[in-house]
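Me: I have a structure open and want to learn how to read it. Can we go through it feature by feature?

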Amino acid sequence: MLLVGAILLAVFVLPPGWGLAVVTAGIVIEVAEVGFWVRFLRRYRVTTGREALIGQRAEVIEACDPRGRVRLRSEIWHARCEQGANVGERVVITGVTGLTLQVEPGNGKGPR
């Protein structure tokens with residue numbers, strides 16, 4: 001409703017010719033802006049689910065010998081680490097089985 005009111009004001013309040021020019025310029029700018037953002041955002045592929053977890057770093061909060069728990073982005077997950085990992089160590093997620101993360105010891109300063 002606000003858009004319709006703005007168009008009517010531009011057409012009837014501005015001098016003849018200017019109203020139509022302003023409305024046309026606004027439409028062109030909006031279409032160009034939408035086109036720019038659509039094109040720009042297509043570059044970034046959204047990853048969700050299992051594929052988003054693989055390669056992430058987590059912190060062990062319950063020793064994995066071979067089962068334990070890790071903290072990933074402030075979430076606590078069950079984890080399985082065949083090599084074993086102690087509390088406070090950083091691990092890298094290599095796979096996901098159900099709700100259990102398969103992890104390996106990895107070096108790193110913190111979660112990615």
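Reply: Let us start with strand pairing. Two strands pair if DSSP finds at least two bridges between them. Keep in mind that this is a predicted model.

Me: Then how many bridges join β4 and β5, and in which sense do they pair?

Reply: β4 and strand β5 (residues 100–105) pair over 6 bridges, in the antiparallel sense. In one of these bridges, Val92 has Glu104 of β5 as its partner. In another, Thr97 is partnered by Thr100 of β5.

Me: What do β4 and β5 form, and how many residues lie between them?

Reply: They form a hairpin, with 2 residues between β4 and β5. Look at Gly98 in the turn: its phi is positive, about 65 degrees.

Me: Which residue has a positive phi although it is not a glycine?

Reply: That is Arg73, with a phi of about 50 degrees. Find Arg73 in the loop between β2 and β3. The strands on either side of that loop also pair. Strand β2 (residues 67–72) and strand β3 (residues 75–80) run antiparallel and are joined by 6 bridges. Arg67 has Arg80 in β3 as its bridge partner.

Me: How do β3 and β5 pair, parallel or antiparallel?

Reply: β3 and β5 pair in the parallel sense, over 3 bridges.

Me: In what order do the strands close into a barrel?

Reply: Follow β1-β2-β3-β5-β4: these 5 strands close into a barrel, and the pairing is mixed. On average, neighbouring strands of this sheet are turned by 55 degrees against each other, direction ignored.

Me: Which two residues does a cis peptide bond join?

Reply: Asp65 and Pro66, with an omega of about -10 degrees. Pro66 sits in the loop between β1 (57–62) and β2.

Me: Which residues of α1 and α2 meet?

Reply: From α1, take Ile7, Ala10 and Val11; they meet Gly19, Val22 and Val23 in α2. This contact of α1 with α2 has 5 nonpolar residues, 1 polar and no charged.

Me: How do I look for empty space?

Reply: Rolling a probe the size of a water molecule over the atoms shows where empty space is left. In this model, the largest pocket holds about 170 Å³ of space. Two elements give two or more residues to the lining of the largest pocket: α1 (2–13) and α2 (18–41).

Me: Which element gives the largest share of that lining?

Reply: α2 does, with 5 residues.

Me: Which residues line the largest pocket?

Reply: Select Leu3, Ala6, Ile7, Ala10, Val22, Val23, Gly26, Ile27 and Glu30. By type, the lining of the largest pocket divides into 7 nonpolar residues, 1 polar and 1 charged.

Note on methods
Residues numbered from 1 in each chain as written. Predicted model: local features only at pLDDT ≥ 70, side-chain atom pairs only at ≥ 80, totals over all residues. Heavy atoms only, no water. 1 Å grid on protein atoms, 1.4 Å probe; cavity = no way out; pocket = protein on both sides within 12 Å on 5 of 7 lines; lining within 4 Å. Points joined across faces, edges and corners; volume = space filled by probe spheres on them. Helix = DSSP H or I, 4+ residues; strand = E, 2+ residues; numbered from the N terminus. Nonpolar A, V, L, I, M, F, W, Y, C, P; charged D, E, K, R; others polar. Axes fitted to C-alpha atoms, helices over the stretch in contact; angles between N-to-C directions. Contact = heavy atoms within 4.5 Å.
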